There are 2 protein chains.
Amino acid sequence: MNPTSLAPSELAYVPFVSVDNMMKNVSAIGVETVMKGIADYIEEDFLRWESFDKKPRIPAHAPQGVIELMPTSDGKTFGFKYVNGHPDNIKDGRQTVTGFGVLSDLSTGYPLLFTEMTILTALRTAANSALAAKYLAPKSSKTMAIIGNGAQSDFQCLAFKTMLGITEIRAYDIDPDASVRLARNLATSGLNVTICKTAEDAIEGAQIITTVTADKKCATILTDNMVGPGVHINAVGGDCPGKTELHKDILLRSDIFVEFPDQTHIEGEFQQLPRDHPVTELWQVYAGQAAGRTSEHQITLFDSVGFAIEDFSALRYVRDMLPKTGYFEKLDLLADPDDPRDLFGMVLRAEAGRNGEAA
Amino acid sequence: MNPTSLAPSELAYVPFVSVDNMMKNVSAIGVETVMKGIADYIEEDFLRWESFDKKPRIPAHAPQGVIELMPTSDGKTFGFKYVNGHPDNIKDGRQTVTGFGVLSDLSTGYPLLFTEMTILTALRTAANSALAAKYLAPKSSKTMAIIGNGAQSDFQCLAFKTMLGITEIRAYDIDPDASVRLARNLATSGLNVTICKTAEDAIEGAQIITTVTADKKCATILTDNMVGPGVHINAVGGDCPGKTELHKDILLRSDIFVEFPDQTHIEGEFQQLPRDHPVTELWQVYAGQAAGRTSEHQITLFDSVGFAIEDFSALRYVRDMLPKTGYFEKLDLLADPDDPRDLFGMVLRAEAGRNGEAA
């Protein structure tokens, strides 16, 4: 038997983007360009909102955290993300949130892409925030307060720089080292970073307030008296039941914009209000079916929780990017015998082939 | 910067079993031993049935087929399988059913194993059938009819040989070439294979009748008059809405055993009967809480559809097998910066490292 006949056909391979290759892709294209690109794909997908199968996340809970599967489909392509949330992971050097995802051709069921999504989720979350802010933030916003200076904060700052023209960052974290880390990472970005001693200090003069803290509890990062008229609040950190960042009175003074109300009411700041409190769906704003910012004095609030369609958009972006960069591997994931019915024969032939090689 | 410091830590890696490595593992251990091992793990997990989170499959449909996610958890470990079913795939050389799966530590959310599951599903399905038959088939069964001689049939024959002592196979398929293929693959297995011209011919003298056809429609592979008293029917092929293999009258004469009644009533032969028709859950038989076979004349029917816990058991088996065989790769799937909060810094350092290397 000819050993070369044992090599899988092209059908067996699935493009795989490792963490290392994701970093190479991002470096090759540029982190700001990637986020702008993902934002375009998200906007495109939100504009065809009705064509998506919108399911709630499927969670598995443990005392330490949760693993969730987030599937969606537009009828032609299927995507899902695996993501975990384990706040205590940081103590033994693990990420609190990691993920990976798959994009598949629904007409054959075959995966088109398997990729790490820890870095990709950070990119898409920031891209998504900046996209919403394009419609909601005051025109000519220059200054953003960022409260919570963890893993997501760098990406938020850069997305708002590139997509909204933000030039000044006012950073605050209960851990001053986190703010120093953020300032160091942004040192060559063109952004001016001011490290602030309090949250009140950070929001001074900011047109945009981004909250992205990580505590898994109901916290009050912003109290009502801290928020003046006309600002846009980009509330990213409150993203699971029992985890919020804003005082309820801020919500009552704001016009609230959400991805998918049923999910946001479970996971977002919106969990503090009754389900029938009026909120606006972002896709309707993008489609021109609902108003975004309508006045200078209005407080707009994007209650971000992260939705499966955004991951779908990010997966589509990566799939389309790979032929240009070439930074991926091929994973031998799909059994591909010559005769699709002869799975066992494939096992037998592989065995015979190896014995032949060894002899 | 020292390039070696850019290498991911052990925490970043997930063991990955490709199709090629799955074949090497199966060859190294022996296909019959693997199936016996998986059956033991399934039995173990069915005996702690109550500790599992039992969810319905999560499907995404297209005209050509379906992609399903099948998650489950025992509160400590999480597993899911991705599986597709596309009957027309065979026309362009693809598998009708392919799959892959993940096993994770629910206390950290980190994956422990990522593996192909096309071959593994074939192994676990046959192991699961033989396990049920150990409790349900007539004692000293020697002859099995197998109707439908596609990809799953070889595995079924070998599992029943090793776990029940079957020595005679009577094979029938509407495509005679499929039976020839099966006979060829089993030529050195120790099983005597008789290729039969009709289904009636195949079941002559058989104590066990396995139906494992692939048509996605309600078919009648077995009619009522074909089935005599005392046999065990292992009905594997009927496994989605609108796809059945047996005439309803056979069901009415049989004692029906199922994995999870709510799922079987949607996907199995059971869909032909009202939901309140009595069926017995296999885990109760294994636990001694319900009777299996009680008389010589009884017709027992295992209405197999495939349940998430069986995949969980198979994933556990593979995870425990890998340290012995060593046939796996390490996949750089999880972002693992030195400081878990500094995801962006990792991207920056990787870039600096590469530039340093290039200089």
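**Exercise 1. Count the salt bridges between domain 1 and domain 2 of chain A, and work out what surrounds them.**

Step 1. The count between domain 1 of chain A and domain 2 of chain A is 2 salt bridges. A salt bridge here is a side-chain nitrogen of Lys or Arg within 4 Å of a carboxyl oxygen of Asp or Glu.

Step 2. Look at A:K161 and A:E32. Their side chains meet in a salt bridge, 2.9 Å from N to O.

Step 3. Place the helices. Helix 2 (31-46) and helix 10 (308-325) of chain A each supply at least two residues of the domain 1 side that touches domain 2. Helix 2 of chain A gives the most, with 8 residues. Helices are DSSP runs (H or I, at least four residues), numbered from the N terminus.

Step 4. Sort that side of domain 1 by class. It has 9 nonpolar, no polar and 9 charged residues. Ala, Val, Leu, Ile, Met, Phe, Trp, Tyr, Cys and Pro count as nonpolar, Asp, Glu, Lys and Arg as charged, and the others, Gly among them, as polar.

**A note on the model.** This is a predicted model: local features need pLDDT of at least 70, side-chain atom pairs count only at pLDDT 80 or more, and totals for chains, interfaces and linings use all residues. Residues are numbered from 1 along each chain as its sequence is written, chains are lettered from A and ligands numbered from 1 in the order in which they are written, and side-chain values use heavy atoms, with hydrogens and water left out.

**Exercise 2. Find the bounds of the two domains of chain A and the area they bury.**

Step 1. Domain 1 of chain A spans 3-119 + 310-355, and domain 2 spans 128-307. The bounds come from an automatic or database domain assignment.

Step 2. Their centres, taken over C-alpha atoms, are 29 Å apart. The contact (heavy atoms within 4.5 Å) takes 18 residues from domain 1 and 23 residues from domain 2.

Step 3. The two domains bury about 2,100 Å² between them, 63% of it on carbon and sulfur atoms. Buried area is the accessible area (1.4 Å probe) that two parts lose on being put together, summed over both.

Step 4. In domain 1, A:E32, A:W49 and A:E310 lose the most area to domain 2, together 27% of what that side buries.

**Exercise 3. Describe how chain B meets chain A.**

Step 1. Size the interface. 80 residues of chain B are in contact with 80 residues of chain A. The buried area is about 7,100 Å², of which carbon and sulfur atoms give 69%.

Step 2. Count the polar links. There are 2 salt bridges between the chains. B:R181 forms a salt bridge with A:D342, the closest N and O atoms being 2.8 Å apart. Polar contacts number 26 residue pairs.

Step 3. Helix 11 (residues 343-358) of chain B gives the most to its side, with 9 residues.

Conventions. A polar contact is a pair of N or O atoms within 3.5 Å; within protein, one must be able to donate a hydrogen and the other to accept it, and residues adjacent in sequence count only if both atoms are side-chain atoms.
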